[in-house]
Amino acid sequence: MTKPAETARERILTAANKLFYAEGIRAVSLDTIAEKAGITKKTVYYHFKSKDDLIEAYLASRDQPNLNQFRKWFGKAEGDLPDKVEAIFRQIAVAARHPKWKGCGFLRTAAELANMPGHPAMKVGAGHKKKFEAWMAEEFEAAGIGGAPHLARHIVLLLDGAFSTILVHRDPAYAEAAGEAARALVASAMLDRAA
């Protein structure tokens, strides 16, 4: 069975994903996206009312694939809950060693839009981070850990701290160190549950 051809909107989003992630949202023009997608700028405006609309759609298109990737890493990891949480960080370290890795697209976009807190893309990014946090809290609650939402927030802080610090130092070992800290936090919470 052959893969159906991408629609113009899908081609625009594919181009925006590649270009915004690689170069940043401010550095990439709609002309460049149109050229990469093989369409006219007018067609971009037919599908997206503005660049801001396209930036929002870019992040929205990354939401579920990124969350699914975290769940996959978590689910495939051997060991108990602390090992599974640490595995997410270990896999981020693996990904960060790839030459095309540019960090977390949600955080990078938030940094570029820091002076525009009401921007629709900021809401998409915040929603993405909250979904990850809620998923972690669900996993912790299922394991009978008290204070699961608080623990999940700590894991998010470690995760986003790792993303940021890797970009500053260009060293994926920071994700591994954050994973060790995350593992210790979860293991300690499990011990508290057993006590």
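## Surroundings of Asp63

Beyond its neighbours within four places in sequence, Asp63 makes contact with Phe106, His128 and Lys131. In this predicted model, Asp63 belongs to helix H4, which covers residues 51-76. The side chain of Asp63 forms a polar contact of 2.8 Å with the side chain of His128.

Asp63 has a relative accessible area of 6% and is therefore classed as buried, the cut-off for that class being under 20%.

## The largest cavity

His128, the polar partner of Asp63, also takes part in lining the largest cavity, together with Phe70, Lys129, Phe132, Val156 and Leu159. The space in this cavity amounts to about 30 Å³, and the model holds one cavity of 30 Å³ or more.

Two helices, H7 (120-142) and H8 (148-169), each contribute at least two residues to the cavity lining. The largest share is that of H7, with three residues. By residue class, the cavity lining consists of four nonpolar residues, one polar residue and one charged residue.

## Helix H8

The buried residues of H8 are Ala148, Leu151, Ala152, Ile155, Val156, Leu159, Asp160, Ala162, Phe163 and Ile166. Val156 and Leu159, included in that list, are also among the residues that line the largest cavity. After H8 comes Arg170, which has a positive phi near 55°.

## The largest pocket

The largest pocket contains about 360 Å³ of space. Its lining comprises 19 residues, and those nearest the centre of the pocket are Arg62, Asn66, Trp73, Trp101 and Gly103. The lining divides into ten nonpolar, seven polar and two charged residues.

Several helices meet in this lining: H1 (8-23), H4, H5 (81-96), H6 (105-112) and H7 each provide at least two residues. H4 makes the greatest contribution to the pocket lining, with seven residues. Helix H4 is also the element in which Asp63 is found, while H7 supplies at least two residues to the lining of the largest cavity as well.

Methods:
Residues numbered from 1 in each chain as written. Predicted model: local features only at pLDDT ≥ 70, side-chain atom pairs only at ≥ 80, totals over all residues. Heavy atoms only, no water. 1 Å grid on protein atoms, 1.4 Å probe; cavity = no way out; pocket = protein on both sides within 12 Å on 5 of 7 lines; lining within 4 Å. Points joined across faces, edges and corners; volume = space filled by probe spheres on them. Helix = DSSP H or I, 4+ residues; strand = E, 2+ residues; numbered from the N terminus. Nonpolar A, V, L, I, M, F, W, Y, C, P; charged D, E, K, R; others polar. Buried < 20%, exposed > 50% of the residue type's maximum accessible area, 1.4 Å probe, protein only. Polar contact = N/O pair within 3.5 Å; in protein donor to acceptor, adjacent residues only side chain to side chain. Contact = heavy atoms within 4.5 Å.
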